[in-house]
Amino acid sequence: MEMRVETLGQDEPRLAIVGAIHGDEPCGAHAIETLLDADPDVTRPVKCITVNERALARNMRYTERDLNRVFPGDPDADAYETRLAHELLEELHGCITLSMHSTQSDERPFALVNTVGSLAMGICPYLSVVGVIETGELIGQSLVDHTPVIDVECGLQGTDQAAANAVQLVREFLAVTGALPDMSVEQHRLHVYRLCERIPKQRPGDCDVLVKNFEPVPAGTPYASIDNHVLVAEDSFHPVLLSASGYESQFGYAAELIGTLGHD
Ligand SMILES: [Zn+2]
């Protein structure tokens, strides 16, 4: 298997940093390289995993299967990513994890968790994110469904800003979990959204998005178009992970605002 695993510090890590679950999102691998090069004196050991090096080398999302749709994986599967998913979960056993992604939907970092519990409440308000998204059952077979992890979307795919944001998010995660005690982090208030449904692309065509992620879309608002056909919101929603070409068969997700975390 071509999964790069390095440990900062001594003893068995209970913290992990994960990058390159998707090979065409280089920000996480960059943040891991930056951390390993800086080699800071961590007071808790940290496992650093660059997951899909094979896809990363080809700048492809995956080679055979979308890794973030095949968890918990299977060590005997034919598909490379299905075996990799199993191996990654073994590596992350007993760890609290930060996993880095990037997106075509929004330049502002945001976090995704399966359910907002003590882990998200303790960590997310200290990260430079604009919100937290509860994925619940909607995405399915992704890493957040199988291990204590905070996924972060660090910014727009392939940009220097996403790479810089990833470096910062790693530092904040290690500070708030006590691995970098000399670094101070402040908490801030952030919104929590829950995914409600996929927003499908009913047919292929030239797609456009007409609304901004996280901003409320009232019922009756045109929110996207396919060729010259305009799609209008039947009910109000908050768009999340919405982009013209980020996914083949859907624009993104409709979410509802369910609360806030932290304070200013
Ligand atoms: Zn990703």
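In which loop does proline 72 lie? Proline 72 is placed in the loop between helix 2 (53-58) and helix 3 (80-92), where helices (H or I, at least four residues) and strands (E, at least two) are DSSP runs numbered from the N terminus. The model is predicted: local features need pLDDT of at least 70, side-chain atom pairs count only at pLDDT 80 or more, and totals for chains, interfaces and linings use all residues. Residues are numbered from 1 along each chain as its sequence is written, and side-chain values use heavy atoms, with hydrogens and water left out.

**Zinc site**

- The zinc ion is coordinated at 2.1 to 2.5 Å by His22 (ND1), Glu25 (OE), Glu25 (OE) and His101 (ND1); donors are N, O and S atoms within 2.8 Å of the metal (3.2 Å for Na, K and Ca), and water is not among the atoms, so sites may look incomplete.
- Because the four donor atoms subtend angles of 56 to 151° around the zinc ion, the arrangement is irregular.
- Four donors count as tetrahedral if all angles lie between 85 and 135 degrees; four count as square planar and six as octahedral if opposite donors are over 155 degrees apart and all others between 65 and 115; anything else is irregular.
- Along the sequence, the donor residues follow the spacing H-x2-E-x75-H.
- Distant parts of the chain are linked by the pair of glutamate 25, in the loop between strand 2 (15-19) and helix 1 (27-38), and histidine 101, in strand 4 (residues 96-103), which are 76 residues apart.
- Glutamate 25 counts as buried at 3% relative accessibility; buried means under 20% relative accessible area, exposed over 50%, and partly exposed in between (1.4 Å probe, protein chains only).
- Histidine 101 is likewise buried, with a relative accessible area of 3%.

**Largest pocket**

- The largest pocket holds about 630 Å³ of space; a pocket is defined on a 1 Å grid over the protein atoms alone as an open set of points where a 1.4 Å probe fits, with protein on both sides within 12 Å along at least five of seven lines.
- Its volume is the space filled by probe spheres set on the grid points, which are joined across faces, edges and corners.
- Two or more lining residues come from each of strand 4, strand 7 (149-156) and strand 13 (250-261), and strand 4 gives the largest share, three residues.
- The lining of the largest pocket comprises seven nonpolar, 14 polar and nine charged residues; Ala, Val, Leu, Ile, Met, Phe, Trp, Tyr, Cys and Pro count as nonpolar, Asp, Glu, Lys and Arg as charged, and the others, Gly among them, as polar.
- The largest pocket lies between domain 1 (4-176) and domain 2 (196-256), because both give residues to its lining; the domain bounds come from an automatic or database domain assignment.

**Second largest pocket**

- The volume of the second largest pocket is about 300 Å³.
- Of the 16 residues in its lining, Glu197, Tyr223, Glu234, Asp235 and Phe237 lie nearest the centre.
- Strand 8 (190-200) and strand 13 are the elements that give two or more residues to this lining, and the largest share, five residues, comes from strand 8.
- The lining of the second largest pocket divides into nine nonpolar, two polar and five charged residues.

**Backbone geometry**

- Phenylalanine 71 and proline 72 are joined by a cis peptide bond, with omega about 10°.
- Aspartate 227, although not a glycine, has a positive phi of about 50°; the residue lies in the loop between strand 10 (222-226) and strand 11 (229-232) and is partly exposed, with a relative accessible area of 39%.
- Leucine 241 is also not a glycine and has a positive phi of about 55°; the residue lies in the loop between strand 12 (238-240) and strand 13 and is buried, with a relative accessible area of 5%.

**Buried loop residues**

- Proline 13, in the loop between strand 1 (4-8) and strand 2, is buried at a relative accessible area of 3%.
- The C-alpha atoms of proline 13 and proline 45 are separated by 4.8 Å, although the residues are 32 apart along the chain.
- Cysteine 124, in the loop between helix 4 (118-123) and strand 6 (131-134), is buried at a relative accessible area of 0%.

Terms used
1 Å grid on protein atoms, 1.4 Å probe; cavity = no way out; pocket = protein on both sides within 12 Å on 5 of 7 lines; lining within 4 Å.
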